[in-house]
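Me: Hey, I've just opened this one and could use a quick tour. Can you walk me through it?

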Amino acid sequence: MKYADRTTFISTCFVIIERTWTATDPDDPSKFVNCIQKLKLGDSEPPTITFCPPNVTVQSDDQCGKEVFWHEPRATDHCGDVKITTSLPSGFRFQLGITGVVVIATDKCGNTSKCEFIIQVDENCCQKKPVIECPDTFEACPGSSTDPSV
């Protein structure tokens, strides 16, 4: 039994090969039979995210926000390397409230997977100094009222 391959289509992420198999009678080489097998090599499977950071809840600092750090997400793909992007970077300063962070894993053929985790910043900014805006300089004649409610 032997075979010969002929590539009929090729692109970055897909290859089609025609493989011709030949079986020959060892006692009589004039007796043989062929069959053609198609081999389709491609990547249409998305990467697998193996680690998506967990949801995080933190207390704000006195500026009513918080820098939040997390372990980097990880992903694998059966056909090669994976690029991982996040909608916000680890170490980003989050304001009060709930923010979703989206993780997208993309393989070299453009297949994607995503996961999302939540960052919740709870208010803990009671120690924040009050803010005051002073009124403009007041000018009037001597003896005039200086009562701000007038």
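Me: Of the contacts in the protein with a separation of 6 or more, what share comes from residues 24 or more positions apart?
Reply: That share is 48%. Keep in mind that this is a predicted model.

Me: OK. How many helices and strands are there in the protein?
Reply: The protein has zero helices and 11 strands. Its pattern along the sequence is β-β-β-β-β-β-β-β-β-β-β. With a radius of gyration of 34 Å, well over the 15 Å from the globule rule for 150 residues, the protein is more spread out than a compact globule.

Me: What does the C-alpha trace span along its principal axes?
Reply: About 130 × 30 × 15 Å.

Me: And what percentage of the residues count as buried?
Reply: Of the 150 residues, 23% are counted as buried. The protein exposes about 11,100 Å², and 53% of that is supplied by carbon and sulfur atoms.

Me: Switching to the inside. Which residues make up the largest nonpolar core?
Reply: That core has 12 residues: V56, V58, V68, W70, L88, F94, V101, V103, C115, F117, I119 and V121. β5 (56-59), β10 (97-107) and β11 (112-122) are the elements giving two or more residues to this core. β11 supplies the largest share, four residues.

Me: Let's pick one from the core. What does W70 touch?
Reply: Leaving out residues up to four places away in sequence, W70 touches P53, L88, P89, S90, F94, V101, F117 and I119. Among these, L88, F94, V101, F117 and I119 also belong to the largest nonpolar core.

Me: What about F69, is that buried or exposed?
Reply: F69 is exposed, since its relative accessible area is 58% and the cut-off for exposed is over 50%.

Me: Where is F69 found?
Reply: F69 sits in the loop between β6 (65-68) and β7 (74-76). Not counting residues up to four places away in sequence, F69 touches S90 and G91. S90 is also one of the residues that W70 touches.

Me: How far apart are F69 and C115?
Reply: Their C-alpha atoms are 17 Å apart in space, and the two are 46 residues apart in sequence. C115 is one of the residues in the largest nonpolar core.

Me: Last topic, charges. How many positive and negative side chains are there?
Reply: There are 14 positive and 21 negative side chains, with the centres of the two sets 12 Å apart.

Key
Residues are numbered from 1 along each chain as its sequence is written. This is a predicted model: local features need pLDDT of at least 70, side-chain atom pairs count only at pLDDT 80 or more; totals for chains, interfaces and linings use all residues. Side-chain values use heavy atoms; hydrogens and water are left out. The radius of gyration is taken over C-alpha atoms; the globule rule is 2.2 Å times the number of residues to the power 0.38. Buried means under 20% relative accessible area, exposed over 50%, partly exposed in between (1.4 Å probe, protein chains only). Contact means heavy atoms within 4.5 Å. Accessible areas come from the Shrake-Rupley method with a 1.4 Å probe; for residues, only the protein chains shown count as cover. Lys and Arg count as positive and Asp and Glu as negative; His and the chain ends are not counted. The place of a charge is taken as NZ of Lys, CZ of Arg, CG of Asp or CD of Glu. A nonpolar core is a set of buried Ala, Val, Leu, Ile, Met, Phe, Trp, Tyr and Cys residues joined through side-chain atoms within 4.5 Å.
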